[in-house]
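This report goes through a model chain by chain and then turns to the core. The sequence and structure come before the details.

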Amino acid sequence: MKKATNQSRKRSVAGDRPVDSLRLDGNAAAGMLSEIFVPDLTAGRAKCAGCGTTRSIGALHVYSHGMGMVVRCPACDGVVLRVARTPTRVWLDARGAISIVISGEN
Amino acid sequence: MARSDGGYTTNVPLADLTNGKAWIAFNYGDAPLPPEHGGPARLLVPHLYFWKSAKWVRELRFMENDTPGFWESLGYHNYGDPWREQRYAGDE
Amino acid sequence: MTARAPATRIEWRLTTVVDVVPETPSTRTLRLEVPGWPGHRAGQHVDVRLTAEDGYQAERSYSIASAPEDDKLALTVERLDDGEVSPYLTEELRAGDKLELRGPIGGYFVWDVPTGGPLFLVAGGSGIVPLMAMIRHRNSSLAAGDREARKKLPTRLLYSSRGWDEVIYRAELAALVDKDPTLEVVHTLTRNPPDGWTGFHRRIDRGMLDQVAWPASDTPRVFVCGPTPLVEAVAGTLVDLGHQPALVKTERFGPTGGPT
């Protein structure tokens, strides 16, 4: 059996894949994230654990599956955040973000 | 564990894949399975909830021990039997 | 002046429909009375939730069309034939009905007058909605007579629609442009233009952007909204033309061009 490699990280160029036209911006995850965080997360900045680039969460790519949302880094396509909602809980996996910075209101 | 393009994974017991209970689909009608429907190849497990029928499948890894996949580790039921309405973790 | 509410958890609330205003054959503006609305910023959206008798719930996001200065909250909804939510909102909802929503949501795709300009807005179809909130906010916030303030915030909208009948807010945009020489609107129609049409008659492309956008050296604030393929093509081209990626903000509506 083939050993698991980083195969799933190597993505084809944006535009090739069927999910590409479904791509949304970080904004699309703001509602679900507001069930976990009070300040708006999309105005904050996240550092991608995959490639180290930092950018506004609003500028990340969001794929909404009906099951939940997957937030990916536009540079390396790695998963930065995963959010899912069940009737009683909201689940967040943030291991793809090394850090998240939110500035206070000025 | 089925691993799909995009890093999605889903775990299914071997007994639920064998003896005609599941397919790897790569054609629909006379034509290759289109990408919107999971082509070039997808897993089809009709007796379990839809997220077990992984689209764009790249690899099936046989494991000794069960491990939760992508949605199973984020609040969704580990097995996913629709007859018992096992949609979310904790549903019996 | 925009109200800045203290940060509190956004909760679902019941709002009352004041009226449903036709904009184009397939779009309606819902004007809502929202008790305790904390105010919003132009570009933000709300989540709307419909609950069927059997308990089934459907949620969708809709951009806020009204300016923060307006007294009623307005959402403009495009009816999608295979939509789950939009047919109800555009055809069934009546004045006096209740609508459950939460918001305002989003702090990234927002623009207020203090952010500055020049401002370049690119809309595809129903992507005009959050950009219209920005235009309305600019108009309300800058006093009519203050030409200096307006000259410091020159604004250009490039708006792609299928046909002339499908241009949302068409009359209001024309009236604003008439009164305000610092606001320009350029339309492009991708299908049958009306007789005598002398404007653009094709999808937005590099040549059009090169012609219409502020030069990159002016460092304009850019907001692009509409179907995902349009947004990605426009944003990519603007970056190719030299605009800084951080100044080009996008709001993709997905493949159909609007929430269903």
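Two residues are in contact if their C-beta atoms, placed from the backbone, lie within 7 Å. With that cut-off, residues 24 or more positions apart account for 48% of the contacts in chain A with a separation of 6 or more. The model is predicted.

## Chain A

Chain A has 1 helix and 8 strands. Chain A has 106 residues, and 37% of them count as buried.

## Strand pairing in chain C

Strand 6 of chain C, residues 98-105, takes part in two pairings described here. With strand 1 of chain C, residues 13-24, strand 6 pairs in the antiparallel sense over 4 bridges. Within strand 6, L99(C) is the bridge partner of T15(C).

Strand 3 of chain C, residues 45-51, also runs antiparallel to strand 6 of chain C, and 4 bridges join the two. Here E100(C) in strand 6 stands opposite R49(C). In a regular strand the side chains alternate between the two faces of the sheet.

## Domains of chain C

The domain assignment divides chain C into domain 1, residues 13-105, and domain 2, residues 113-252. Taken over C-alpha atoms, the centres of domain 1 and domain 2 of chain C are 24 Å apart.

Contacts between the two domains of chain C involve 15 residues of domain 1 and 14 residues of domain 2. On the side of domain 1 that touches domain 2, the elements giving two or more residues are strand 1 and strand 5 (73-78) of chain C. By class, that side of domain 1 of chain C holds 6 nonpolar, 6 polar and 3 charged residues.

## The largest nonpolar core

Which residues have the most contacts inside the largest nonpolar core? They are A29(A), V80(A), L121(C), L131(C) and F223(C), in a core of 88 residues. Helix 2 of chain C, residues 128-141, gives the most to this core, with 7 residues. Domain 1 (13-105) and domain 2 (113-252) of chain C both give residues to the core, so the core lies between them. In soluble globular proteins, nonpolar side chains tend to be buried together.

On the chain A side, A29(A) touches V62(A), M69(A), V71(A) and V83(A), leaving aside residues up to four places away in sequence.

Key: Residues are numbered from 1 along each chain as its sequence is written. Chains are lettered from A and ligands numbered from 1 in the order in which they are written. This is a predicted model: local features need pLDDT of at least 70, side-chain atom pairs count only at pLDDT 80 or more; totals for chains, interfaces and linings use all residues. A residue is buried if 20 or more other C-beta atoms lie within 10 Å of its own, exposed if 12 or fewer, and partly exposed in between; C-beta atoms are placed from the backbone. Two strands pair if DSSP finds at least two bridges between them. Domain bounds come from an automatic or database domain assignment. Ala, Val, Leu, Ile, Met, Phe, Trp, Tyr, Cys and Pro count as nonpolar, Asp, Glu, Lys and Arg as charged, and the others, Gly among them, as polar. A nonpolar core is a set of buried Ala, Val, Leu, Ile, Met, Phe, Trp, Tyr and Cys residues joined through C-beta atoms within 7 Å.
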